[in-house]
Amino acid sequence: MSRNAKINTLLLLVVAALAVLPLALGLGDHKEEPFTGADAEAETAITELQPDYKPWFSPLYEPPSGEIESALFALQAALGAGVLAYYFGLRRGRRQGAARAEAEAAGPKGAAEAAEASGTGPSPLDRPDA
């Protein structure tokens with residue numbers, strides 16, 4: 001098993017433990033809604049400490065139910081992940097394109113070395129017998 005595979009396996013186990021341990025240990029059992037967000041927790045704490053507190057402003061949009069609020073949050077997370085994936089893919093593509101351009105400038109031997117270094121390898125269409 002390579003070093004990267006070991007690290008990835010360890011990280012996967014840590015993430016799984018972070019997801020399962022709070023449920024298995026019963027954290028939050030004493031609460032009415034055990035796994036609410038930080039905003040709801042802060043609002044509860046503030047109203048307990050200062051019952052006459054009035055917020056400075058109200059939300060621009062209040063979803064009609066918790067399910068819709070969760071769906072909007074998931075949509076926001078998915079869009080953010082998509083933007084990050086696009087950015088990293090674009091960076092990788094530019095790096096591979098620069099390596100190919102540099103290899104083509106170096107000649108046929110340089111093209112093979114650059115393709116091997118970038119992990120792309122030669123295309124089946126590059127073979128003369130294809």
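The largest pocket of this predicted model holds about 830 Å³ of space. Of the 25 residues that line the largest pocket, those closest to its centre are Asp-39, Ala-40, Glu-43, Pro-59 and Glu-69. Two elements, helix H2 (38–49) and helix H3 (66–106), each give two or more residues to this lining.

**Lining of the largest pocket**

- Helix H2 gives the most to the lining of the largest pocket, to which it contributes seven residues.
- Sorted by class, the lining of the largest pocket is made up of 14 nonpolar residues, seven polar residues and four charged residues.

**Fold and overall exposure**

- The secondary structure of the chain consists of four helices and zero strands, and from the N terminus on the elements follow the order α-α-α-α.
- The chain has 130 residues, of which 6% count as buried.
- For the chain, the accessible surface comes to about 11,700 Å², and 64% of that surface belongs to carbon and sulfur atoms.

**Nonpolar surface patch**

- A nonpolar patch on the surface is formed by Leu-60, Tyr-61, Ile-68, Leu-72, Leu-75 and Leu-79, which together have about 680 Å² of accessible area.
- One of these patch residues, Leu-75, has its place in helix H3, the helix that also gives two or more residues to the lining of the largest pocket.
- Leu-75 has a relative accessible area of 48%, and because this value lies between the 20% limit for buried and the 50% limit for exposed, Leu-75 is classed as partly exposed.

Notes
Residues are numbered from 1 along each chain as its sequence is written. This is a predicted model: local features need pLDDT of at least 70, side-chain atom pairs count only at pLDDT 80 or more; totals for chains, interfaces and linings use all residues. Side-chain values use heavy atoms; hydrogens and water are left out. On a 1 Å grid over the protein atoms alone, a cavity is a set of points where a 1.4 Å probe fits but cannot get out, and a pocket is an open set with protein on both sides within 12 Å along at least five of seven lines; lining residues have an atom within 4 Å of a point. Grid points are joined across faces, edges and corners, and a volume is the space filled by probe spheres set on the points. Ala, Val, Leu, Ile, Met, Phe, Trp, Tyr, Cys and Pro count as nonpolar, Asp, Glu, Lys and Arg as charged, and the others, Gly among them, as polar. Buried means under 20% relative accessible area, exposed over 50%, partly exposed in between (1.4 Å probe, protein chains only). Accessible areas come from the Shrake-Rupley method with a 1.4 Å probe; for residues, only the protein chains shown count as cover. Patches are made of residues with over 30% relative accessible area and no salt bridge: like charges are joined within 9 Å, nonpolar side chains (Val, Leu, Ile, Met, Phe, Trp, Tyr) within 5 Å. A salt bridge is a side-chain nitrogen of Lys or Arg within 4 Å of a carboxyl oxygen of Asp or Glu.
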